[in-house]
Each structure stands twice: as C-alpha cells, then as structure tokens.
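Here is a friendly walk through one protein model, written for a reader who likes to know the cut-offs behind each term. Please keep the structure open while you read.

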Amino acid sequence: MECTIKWLDGMSFIAETGTGHMVAMDGAPEAGGRNLAPRPMELMLAGAGGCTAFDVVLILKRGRQDVRGCSVRLEAERADIDPKVFTRIRFIYTITGRNLKRETVERAVHLSAEKYCSASIMLAKTAEISHEVELVDA
C-alpha cells in the first residue's frame, strides 16, 4: 500500500492513493489553512468508521442477515498537548434491516473491533474505545 501527499498552497494538500484516488486535505484558518477540505485527523477518524462499517455489513451479509442499512457515527476526543492523539472514541452504529437479532449484530461489531478493523485496532493503542448499537427494523 502506498500514498503520495503533495502540498498545494497555504496548508492545503492532496493525497493520491496507490489505487489512483485523490483526497484533499486542508488546515483550519488559525493554522494557515482555508478550511476547504477535511483535516488529516478527520480523515483518520473517517477511515476507522469506514473500516468498521465495511466489516459489519460484510459479516452480517455473510451470515445471511437481511441488513438494509448501516451508519456509524464517531465521537472522538484528543489529547490537549502534542502529540494530540485520540484519547477516546465512541462508535455509534445504526443498523437497519429485517428481523435482525441484537446478539448477531453485536457479535459483528465485536468481531470488527477485536479482529478485523485494522484502523480502529490501531487507534485503540492510544484511545479508549466504546461501541453502541441501535437497531432499526425496516
């Protein structure tokens, strides 16, 4: 896996991933940015959310569950001093489907958190991680 980051101007950067996708990043105005794109740390948080959502949907589909929707909201706190690592992250899952069993969905979340989601497992080295699940019947 590889990624190349190029400085554009001010505090704006563009990342080109090894698969050829582009992602813009920018800083806050007080740090010289123009607030045109997500901050790098926001993208780390989004990456962890995407990673676990991918896992949960895949696990539920493989388990022949009638999953119809999945969203994950992440609420994070960071250290006050440098390095401003994440110190606490709350993952809040809303899973929509038909006849979903809470135990099955919670098991999928647990498997993602403990075994499959490399991003959240790395972040757990500095952050206290918690998970909540809301089921919506549809």
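Leaving aside residues up to four places away in sequence, Ile59 touches Ala108, Leu111, Ser112 and Tyr116, where a contact means heavy atoms within 4.5 Å. Before going further, note that this is a predicted model, in which local features need pLDDT of at least 70 and side-chain atom pairs count only at pLDDT 80 or more, while totals for chains, interfaces and linings use all residues. Residues are numbered from 1 along each chain as its sequence is written, and side-chain values use heavy atoms, with hydrogens and water left out.

Ile59 sits in helix α1; helices (H or I, at least four residues) and strands (E, at least two) are DSSP runs, numbered from the N terminus. Is Ile59 buried or exposed? With a relative accessible area of 18%, Ile59 is buried; buried means under 20% relative accessible area, exposed over 50%, and partly exposed in between (1.4 Å probe, protein chains only). Ile59 and Ala24 are 35 residues apart along the chain, and their C-alpha atoms are separated by 31 Å.

Helix α1 covers residues 40-62. Its 23 residues should span 33 Å at 1.5 Å a residue, and the end C-alpha atoms are 33 Å apart, which agrees; the expected span is 1.5 Å times one less than the number of residues. The buried residues of α1 are Leu45, Ala48, Gly49, Thr52, Ala53, Asp55, Val56, Ile59 and Leu60. These buried residues pack against β4 (66-78), β5 (86-98), α2 (102-116) and α3 (118-123).

## Helix α2 and Phe86

Helix α2 has 15 residues and reaches 20 Å from its first C-alpha to its last, close to the 21 Å expected at 1.5 Å a residue. Its buried residues are Val105, Ala108, Val109, Leu111, Ser112 and Ala113, and they pack against α1, β5, α3 and β6 (128-137).

Strand β5 holds Phe86, a buried residue with a relative accessible area of 5%. Which residues does Phe86 touch, not counting residues up to four places away in sequence? They are Met41, Met44, Leu45, Ala76, Glu77, Arg78, Leu123, Thr126 and Ala127. Arg107 is 21 residues from Phe86 in sequence, and the two are 25 Å apart in space, C-alpha to C-alpha.

## Backbone details

Most residues other than glycine have a negative phi, and most peptide bonds are trans. Against that background, a few places in the loops deserve a look. Asn35 has a positive phi of about 60° although it is not a glycine, and it lies in the loop between β3 (22-25) and α1. A cis peptide bond joins Asp82 and Pro83, with omega about -5°, and Pro83 lies in the loop between β4 and β5.

## Cysteines and accessibility

A disulfide is a covalent bond between the sulfur atoms of two cysteines. A search of the whole structure finds 0 disulfides, taking a disulfide as a pair of cysteine sulfur atoms within 2.5 Å. Cys3 is in no disulfide, and the nearest cysteine sulfur, that of Cys51, is 16 Å away.

| Residue | Relative accessible area | Class |
|---|---|---|
| Cys3 | 46% | partly exposed |
| Cys117 | 0% | buried |
| Asn35 | 46% | partly exposed |
| Arg64 | 78% | exposed |

## The whole protein

Finally, a step back. The protein has 3 helices and 6 strands, and from the N terminus on its elements run β-β-β-α-β-β-α-α-β. The C-alpha trace spans about 50 × 35 × 25 Å along its principal axes. Of the 138 residues, 30% are buried. Among contacts with a separation of 6 or more, 51% are between residues 24 or more positions apart.

The accessible surface comes to about 9,100 Å², of which 54% belongs to carbon and sulfur atoms; these areas come from the Shrake-Rupley method with a 1.4 Å probe, and for residues only the protein chains shown count as cover. How far apart are the mean positions of the 18 positive and 19 negative charges? They are 7 Å apart. Here Lys and Arg count as positive and Asp and Glu as negative, while His and the chain ends are not counted; the place of a charge is NZ of Lys, CZ of Arg, CG of Asp or CD of Glu.
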